[in-house]
Amino acid sequence: LDLLRLVGVFDGLRLLPIPPGEWASQFDASKGDFKLPKDAPTGFSAEDWRAYREATRNAVSPAYKSGTYEVRGLHAVPGLEQHASFDEGTRLAFMDVVFRSAGEWQRGWEEVTIERVVGNADTLKLPSPLAWKLRQCEWIGVESDDGVTWGRPADRWHVPAHDLAGGRAWQFLHLRPLPARLANLLDLQPRLAAAMQRLGMPHFDPETKSPSSRLLDALAEATSGKHIRNWDIFLGQVRAAWRGFEPAGAGDFPRRLLIHGDSAQLSLHTPEPDHPAYLPDSAKSFIAALRRFQLPVIAIESTDAIRLAERFTNAFPGAIVRASSLQPIPLVNGTAWTEPASERLQDHEQLEWLVPLVLTLAAFFGPQAQGASTEAFRRHLKALREARVAIAETIETALFDGDRPVAQRMAVAALWHSETKTLLVRDRSTTEAAALSEALHAGPTAIGQLQ
């Protein structure tokens, strides 16, 4: 094959040059009405040329008020003008041969040059009719049990073949990915991949920083479909998309944000001053608490929320609340709790069993248990020795942004108040081991951890 290429054999569809002299390539145009020649050149149907001519009308800014111009650098692909009449098998064959050819086409085929040929020179550039047709035409077909689904390059994501391998293609169905065999072609031929991207095909590459919100927008759109089979995997893709998002300005942000709801499913939210979204730029334990208040928390890792926090607030003025600005306030019998309790936890008659239970779990529970000789265990022991306890009829927590409450009060069985090192317990919950143990496991560094 290499020898054949050396002697000029082309593997695939070779581009056909359309010289200016082979068609009525010259035309008169003015700044206010710049339209290409009326008659279609060889290699393009009259209908396609008419649509292309209208799409490019006044798409350039000539240097002079009027003049005579000529279209140069025009290329066509054999058979493209007949694409609308192809049967399904022919269309699939045409798709395959374009994928195997486009990476080898000469550079510059995506543009045509418009030259002023009378008087002073003026050179203009337009997208070529070939590139326009390949962007607009639904020429990419994907076969499935339900038949062949056709789409434009912009309708199919290039997900790298290694991400689709091992039966994982179902994890990307909501992005309508290219089949693995075509994705592998693009993976192996950077020029082909670049050509498809210039034709509008998105590339799944969240590890590369980009100002584009296209992946975030596509994932948001996917929530209205039926192809998301595992919401945990989908959440991972959303977080990865934010990790790769590096906006240059406020206008780069997606308008609709994916937020956590009552279940594992994510939902869409458009932040407004009256209905803000909550940015989780705080500890993960606190973010879990925010979700219990049923607040619209943006589905983003806290590290990326911190990195993008200022740009979020610029993109959505008055419509983003940073979690780091919120303060949970414990309410005991309806009053804010501010002072340490008088009784030590280890001396409380009803809760004397709790400290040994928590310490045992801390030392020996789980596959990573390290016993009672670690520094972490000693910190737990010290904290529990210093811990106070208060029993009350009602324990609630309220959430404030400055002096403004942002959610309704929420009743809890128990919570740890780190500022006063006090375990607050609802009186009828003194025997609820799970609630008490989890509240204590929040630890003295937690801020109003809710359990």
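Contact here means heavy atoms within 4.5 Å. Helices (H or I, at least four residues) and strands (E, at least two) are DSSP runs, numbered from the N terminus. The model is predicted: local features need pLDDT of at least 70 and side-chain atom pairs count only at pLDDT 80 or more, while totals for chains, interfaces and linings use all residues. Residues are numbered from 1 along each chain as its sequence is written, and side-chain values use heavy atoms, with hydrogens and water left out.

**View A. Packing of helix H12 against helix H13.** Val355, Val358, Leu359, Ala362 and Ala363 in H12 meet Phe377, His380, Leu381 and Leu384 in H13. By class, this contact of H12 with H13 has eight nonpolar, one polar and no charged residues (nonpolar: Ala, Val, Leu, Ile, Met, Phe, Trp, Tyr, Cys and Pro; charged: Asp, Glu, Lys and Arg; polar: the others, Gly among them). Helix H12 (residues 354-364) and helix H13 (residues 375-386) pack at an angle of about 165°, with axes 10 Å apart; H12 is therefore roughly antiparallel to H13. Axes are lines fitted to C-alpha atoms, for helices over the stretch in contact, and angles run from 0 to 180 degrees between N-to-C directions. Angles under 35 degrees count as roughly parallel, over 145 as roughly antiparallel, 65 to 115 as roughly perpendicular and the rest as oblique.

**View B. Packing of helix H2 against helix H4.** Helix H2 (residues 46-55) and helix H4 (residues 129-136) pack at an angle of about 100°, their axes lying 10 Å apart, so H2 is roughly perpendicular to H4. Asp48, Trp49, Ala51, Tyr52 and Ala55 of H2 make the contact with Pro129, Trp132 and Lys133 of H4. Six of the contact residues are nonpolar, none polar and two charged.

**View C. The largest pocket.** A pocket is an open set of points on a 1 Å grid over the protein atoms alone, where a 1.4 Å probe fits, with protein on both sides within 12 Å along at least five of seven lines; lining residues have an atom within 4 Å of a point. The largest pocket has a volume of about 460 Å³, a volume being the space filled by probe spheres set on the points, which are joined across faces, edges and corners. Of its 18 lining residues, Val142, Ser144, Arg156, Leu173 and Pro177 lie nearest the centre. Strand E7 (residues 140-144) supplies the largest share of this lining, three residues. The lining comprises nine nonpolar, three polar and six charged residues.
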